[in-house]
Amino acid sequence: MTKRVLLLLQVKLKHGTIRIEKIYADKIVYNKKDQKILAYGNSKFVHEKILITAREFNYNLNEKKIEAQYDVVLKDQNNNIYNLKKATFFELKK
């Protein structure tokens, strides 16, 4: 049986509210120096009503950028599903 890891990220937004983001994976590595989170195997990233699944994630906290690769599936807030080989997602500034 494979162990699943859950990482909860507490993200403080400019206007003072806090948002919780979730990353699930078989293995998660946090590189504090580079401010990167690497997720390997059966990875899921949950952001508000958006779900991204892939075999591998590279989440750059400084750039607020997620690179997903290998069997990427994006399910958006309207329940549209997109199958991709590789994708890069950026957080939009409001």
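What does the pLDDT of the protein chain average, and what share of the residues score at least 70? The average is 80, and 76% of the residues score at least 70. For the record, pLDDT is the predictor's confidence in each residue, from 0 to 100. Confidence is lowest in strand β1, residues 5–12, with a mean of 55. It is highest in β6, at 91.

Ground rules next. This is a predicted model, where local features need pLDDT of at least 70, side-chain atom pairs count only at pLDDT 80 or more, and totals for chains, interfaces and linings use all residues. Residues are numbered from 1 along each chain as its sequence is written, and side-chain values use heavy atoms, with hydrogens and water left out.

Now the fold. The protein chain has 0 helices and 7 strands. Both are DSSP runs numbered from the N terminus: helices are H or I with at least four residues, strands are E with at least two. Along the sequence, the pattern reads β-β-β-β-β-β-β.

Let's take the pairing. Two strands pair if DSSP finds at least two bridges between them. Strand β5, residues 50–60, pairs with strand β6, residues 65–75, in the antiparallel sense over 8 bridges. These two form a hairpin with 4 residues between them. Lysine 64 sits in that turn, with a positive phi of about 50 degrees.

On its other pairing, β6 meets strand β7, residues 81–90. That is antiparallel too, over 9 bridges. The β6 and β7 hairpin has 5 residues between the strands, and asparagine 79 takes a positive phi near 65 degrees there.

Follow one residue across. Alanine 68 in β6 stands opposite phenylalanine 57. Alanine 68 also stands opposite alanine 87 in β7.

What about the interior? Buried residues make up 27% of the 94 residues in the protein chain. The cut-offs: buried is under 20% relative accessible area, exposed is over 50%, and partly exposed is in between, with a 1.4 Å probe and protein chains only.

The largest nonpolar core has 15 residues. Such a core is a set of buried Ala, Val, Leu, Ile, Met, Phe, Trp, Tyr and Cys residues joined through side-chain atoms within 4.5 Å. Phe45, Ile52, Phe57, Ala68 and Phe89 have the most contacts inside it. The elements giving two or more residues to this core are β2 (18–25), β4, β5, β6 and β7.

Zoom in on isoleucine 52. A contact means heavy atoms within 4.5 Å. Leaving aside neighbours within four places in sequence, isoleucine 52 has contacts including Phe45, Phe57, Ala68 and Phe89. Ser43 is also among them. Serine 43 lies in strand β4 and counts as buried, at 1% relative accessibility.

Last item: aromatics. The structure holds 1 aromatic pair. The rings of phenylalanine 45 and tyrosine 59 have centres 5.5 Å apart and planes at 75 degrees, so this pair is edge-to-face. The rule: rings of Phe, Tyr and Trp (its six-membered ring) pair if their centres lie within 6.5 Å; planes under 30 degrees apart are stacked, over 60 edge-to-face, the rest tilted. Phenylalanine 45 lies in strand β4, residues 36–47, and tyrosine 59 in strand β5, so the pair ties together parts 14 residues apart in sequence. Phenylalanine 45 is buried at 6% relative accessibility. Tyrosine 59 is buried, with a relative accessible area of 6%.
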